[in-house]
Amino acid sequence: MSLNQMIVGIVVIVFVIMLILFPEFRALLKGFTRLFIKDMATTPEGAEAIYSEKIDQAQEAYNKADNALKVAAGKLNTAKRDMENLKTKLSKVESECESLVKNGKIELAQLKAEEREEILADIKRHSELVKAYEVAANTAKEAQEMCEKNLRKLKRESKEVVENMKVKKQLKEVYDDMDELKNVTATDKLLESVRDKNKDLDAVVEGSKVVHDNKISTKLQKADAEAKKLQSNDYLESLKKKYNK
């Protein structure tokens, strides 16, 4: 035996001993199992697995009920057939007994009379069997129908619930994605800073322009430029008058 196999064996033995000796450990294990199953039930895959297990159980119950119905129905038919055979045999024995009495063969008729009593006892016993098998067959039929309805219900419910959970899961993922789009990332913050800085620069430029326009040197430059323009215009007008243009 390898070391790994020995370790696995020891772990299994310790686990079994803890289950036997410590009820608290069993309770804790049950708690973890319930939590695991509960967690499974929150996902479509887990729900599908749980439904599959339950459907298998329902299918097994249906198979048992169906088999019980077949057995009960078979025994009922056999008992009824035996009953008919006994009645036919009774009729034959009574006819033979009557014939023997007519012919004065009383001793032989006595034997047939005793045989008739045995047949009547068998008929009574089979009659009780038929009643018992009828009850059993009806009970088995009710159980079979109930199991069949439960099986169909579980299969239908499984499809509806699992498909609904799958759709809801997909919708949740879509909404989660939309929420992520709404979340402000570091890049969004940087971009907002760029926009704010751009606005600040626009304001600075506008302010610088105002300051520049209000400076005395700027005003003098504008005045000189305007004077030169006027002087140039006067010179041009004089030339136009000189040449009648």
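In the predicted model, Arg-116 is partly exposed, with a relative accessibility of 27%. This residue takes part in a salt bridge with Glu-94, in which the side chains meet at 2.7 Å from N to O. Because Glu-94 belongs to helix α3 and Arg-116 to helix α4, the pair ties together parts that are 22 residues apart in sequence. Glu-94 is likewise partly exposed, its relative accessible area being 31%. Arg-116 also forms a salt bridge with Glu-117, where the closest N and O atoms are 3.4 Å apart. Glu-117 counts as partly exposed at 47% relative accessibility. Through shared partners, the salt bridges join Glu-94, Arg-116 and Glu-117 into one network.

The count of salt bridges comes to 10. Another of these links the side chains of Lys-102 and Glu-98, with an N to O distance of 3.9 Å. The two residues are 4 positions apart in helix α3 and are therefore separated by about one helical turn. An α-helix has 3.6 residues a turn, so residues three or four places apart point the same way. Lys-102 is exposed, at 67% relative accessibility, whereas Glu-98 is partly exposed, with a relative accessible area of 47%.

The protein contains 6 helices and 0 strands, and its elements follow the order α-α-α-α-α-α from the N terminus. Helix α3 covers residues 44–102, and its 59 residues should span 87 Å at 1.5 Å a residue; the end C-alpha atoms lie 85 Å apart, in agreement with this value. After α3 comes Gly-104, which has a positive phi, near 75 degrees. Helix α4 comprises residues 106–182 and includes Met-178.

Met-178 is partly exposed, with 40% relative accessibility. Together with Val-167, Leu-171, Val-174 and Tyr-175, Met-178 forms a nonpolar patch on the surface, and the accessible area of the patch is about 450 Å². For the protein, the accessible surface amounts to about 19800 Å², with 59% belonging to carbon and sulfur atoms.

Of the 245 residues of the protein, 14% count as buried. Among contacts in the protein with a separation of 6 or more, 71% are accounted for by residues 24 or more positions apart. Cys-97 is buried, with a relative accessible area of 15%, and Cys-147 also counts as buried, at 14% relative accessibility. A search of the whole structure finds 0 disulfides.

How values were computed:
Residues numbered from 1 in each chain as written. Predicted model: local features only at pLDDT ≥ 70, side-chain atom pairs only at ≥ 80, totals over all residues. Heavy atoms only, no water. Disulfide = S-S within 2.5 Å. Buried < 20%, exposed > 50% of the residue type's maximum accessible area, 1.4 Å probe, protein only. Contact = heavy atoms within 4.5 Å. Areas by Shrake-Rupley, 256 points an atom, 1.4 Å probe, with all protein chains shown as cover. Patch = residues over 30% accessible without salt bridge, like charges linked within 9 Å, V, L, I, M, F, W, Y side chains within 5 Å. Salt bridge = Lys/Arg side-chain N within 4 Å of Asp/Glu carboxyl O. Expected span 1.5 Å × (residues − 1).
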